[in-house]
Amino acid sequence: MTSFPGLSPSFGFLQSTAWRAALALVVVFVMLALTGWTAIRDTNEDANPLATARSAWQHATFHGRPLPDPKAAPATVRAFFASLDRAEQKQLASRFPLVVGNMGGAPVELRYRANRMAIDQARVIEKRRMGDRRLTPVGRQTAGQLMHRLESMMSPGRQILAFDPAGDGRAAEVFGNLATARRVSVVVPGVDTNLSTFERTAKANTAPVGMAHSLYQAERTARPGARTAVIAWADYTTPAGLGVEAATGRLAEAGAVRLRALTETLPSTTPVSLFCHSYGSVVCGVAARRLPSNVEDISVAGSPGMRADNLAGLGTHARVWAMRDADDWIQDVPYLEVGGLGHGADPVDPAFGSRILSAQGAQGHAGYFAPGTRSLRNFALVGVGALNSVDCATSDPHCNA
């Protein structure tokens with residue numbers, strides 16, 4: 001490196017570091033240009049059916065009694081519904097399905113019932129749009145695809161914990177008995193997750209529903225007697241494509257608030273594990289500091305960073321696990337954060353401080369939940385609490401301690 005009179009070697013090191021950071025930013029912007037990454041999309045929530053329903057709820061009474069704030073603490077909501085008999089609960093769910101279906105603290109079976117009604121209402125709207133000649137052919141086709149997705153979500157036995165049709169839509173689904181579970185796992189997906197992509201027929205385990213279903217089956221295999229439940233949690237607004245949204249933390253911060261709210265509705269005595277894929281790991285990283293104490297494990301796969309420089313920077317009491325398979329393209333994304341762009345250090349780097357798990361068998365960026373992979377088995381072992389049985393990717397003695 002060229003030396004300059006009067007400048008110390010340490011200055012040269014800082015200069016080199018600054019150049020490397022600048023070069024990494026250039027790489028990011030080149031990727032933005034060459035891969036068609038999108039600009040920040042409009043997330044205006046005008047004409048939001050859930051907001052409209054909540055407003056009606058707040059101005060209503062029930063048997064002469066005021067209704068609780070729909071965003072009240074879970075304990076408050078729980079106490080309110082406990083004061084009603086089943087017939088009264090069902091009456092409220094029928095009157096305000098969107099509100100009850102998304103109300104943390106309401107009985108889970110009542111939320112499933114309410115969301116089924118709300119989904120059916122949304123299905124009717126999309127079916128009508130399929131024949132609306134004011135829409136373009138593509139618009140009518142999109143309405144038809146969404147209508148069939150909503151029909152699938154109404155299939156017998158499905159347990160929809162949250163449903164919001166606004167914008168591209170949000171949802172959450174439960175596998176197992178959430179009310180009696182001794183351990184709960186939450187799958188937090190990444191970009192391009194909405195109602196249309198909540199589940200897939202082809203490559204099913206690359207979508208939230210398939211991920212959660214695979215994890216639930218793997219947990220039952222890992223410990224057959226364990227009473228577990230798994231939540232496919234696509235109840236936050238995700239980035240649309242690999243654009244500027246995906247390179248910043250704006251949506252992750254909003255998602256973290258919603259993720260914390262979900263965990264606070266779960267019983268405080270039930271251990272909770274988070275399984276965060278891709279941009280979902282950014283959400284989990286932002287949320288980590290304020291998660292309740294029963295969130296014992298945070299596992300990330302294919303992470304672009306957790307908006308922290310190291311484990312201590314997450315400020316969490318939870319164990320943090322990380323994995324990445326050898327052919328995951330995410331490893332080529334610069335692991336830094338400059339001016340709000342980027343998500344910080346690589347959680348798979350030993351210097352970060354995570355417990356590094358084997359991802360053997362996983363292929364590409366979306367293959368971590370595929371049946372038969374070491375990655376899925378490791379996730380399942382963490383989910384059921386069999387930590388001494390996980391397969392580590394390194395010889396780090398604290399990995400499965």
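User: Before we start, what pLDDT do local features need here, and how are residues numbered?
Analyst: Residues are numbered from 1 along each chain as its sequence is written, and side-chain values use heavy atoms, with hydrogens and water left out. Side-chain atom pairs count only at pLDDT 80 or more, totals for chains, interfaces and linings use all residues, and local features in this predicted model need pLDDT of at least 70.

User: How many helices and strands does the protein chain have?
Analyst: Both kinds of element are DSSP runs numbered from the N terminus: helices are H or I with at least four residues, strands are E with at least two. On that basis the protein chain comes to 13 helices and ten strands.

User: What share of the protein chain's residues is buried?
Analyst: Buried means under 20% relative accessible area, exposed is over 50%, and partly exposed is in between (1.4 Å probe, protein chains only). The protein chain has 401 residues, and the buried share is 53%.

User: In what order do the strands of the open sheet sit?
Analyst: Two strands pair if DSSP finds at least two bridges between them. The edge strands, each pairing on one side only, are S3 (159–164) and S10 (355–356). The pairing in this eight-stranded open sheet is mixed, and the order is S3-S4-S6-S5-S7-S8-S9-S10.

User: Do S3 and S4 pair parallel or antiparallel?
Analyst: Five bridges connect S3 with S4 (residues 170–176). Within that pair, Phe-163 stands opposite Ala-171 in S4. The sense of the S3 and S4 pairing is antiparallel.

User: Which residues of S5 point the other way from Arg-183, Ser-185 and Val-187?
Analyst: In a regular strand the side chains alternate between the two faces of the sheet. S5 covers residues 183–188, and six of its six residues are buried. Arg-183, Ser-185 and Val-187 point one way, and pointing the other way are Val-184, Val-186 and Val-188.

User: Which residue in S6 is the bridge partner of Val-184?
Analyst: S5 and S6 (residues 228–234) run parallel and are joined by five bridges. In S6, the partner of Val-184 is Ala-229.

User: What is the handedness of the crossover from S5 to S6?
Analyst: With the strands pointing away from the viewer, a crossover is right-handed if the path from the first strand over the helix to the second runs clockwise. Here the chain leaves S5, passes through H8 (residues 208–222) and reaches S6. This β-α-β crossover is right-handed.

User: At about what angle does H10 run to S6?
Analyst: Axes are lines fitted to C-alpha atoms, for helices over the stretch in contact (heavy atoms within 4.5 Å). Angles run from 0 to 180 degrees between N-to-C directions. H10 (residues 250–265) lies across several strands, including S6, to which it runs at about 155 degrees.

User: Is Asp-192 buried or partly exposed?
Analyst: Asp-192 is found in the loop between S5 and H8. Its phi is near 60 degrees, a positive value in a residue other than glycine. With a relative accessible area of 37%, Asp-192 is partly exposed.

User: How about Ser-278, buried or exposed?
Analyst: Ser-278 lies in the loop between S7 and H11 (279–287). Its phi, near 55 degrees, is again positive in a residue other than glycine. Since its relative accessibility is 8%, Ser-278 counts as buried.

User: Which residues does Met-154 contact, leaving aside neighbours within four places in sequence?
Analyst: Met-154 is found in the loop between H7 (137–153) and S3. At 15% relative accessibility, Met-154 counts as buried. Its C-alpha is separated by 9.6 Å from that of Arg-123, 31 residues apart along the chain. The contacts of Met-154 are Arg-116, Ile-119, Asp-120 and Arg-123.

User: What is the C-alpha to C-alpha distance between Trp-329 and His-365?
Analyst: Trp-329 lies in the loop between S9 (319–323) and S10, and at 37% relative accessibility it counts as partly exposed. Not counting residues up to four places away in sequence, Trp-329 touches Leu-242 and His-365. Trp-329 and His-365 are 36 residues apart in sequence, and their C-alpha distance is 6.5 Å.
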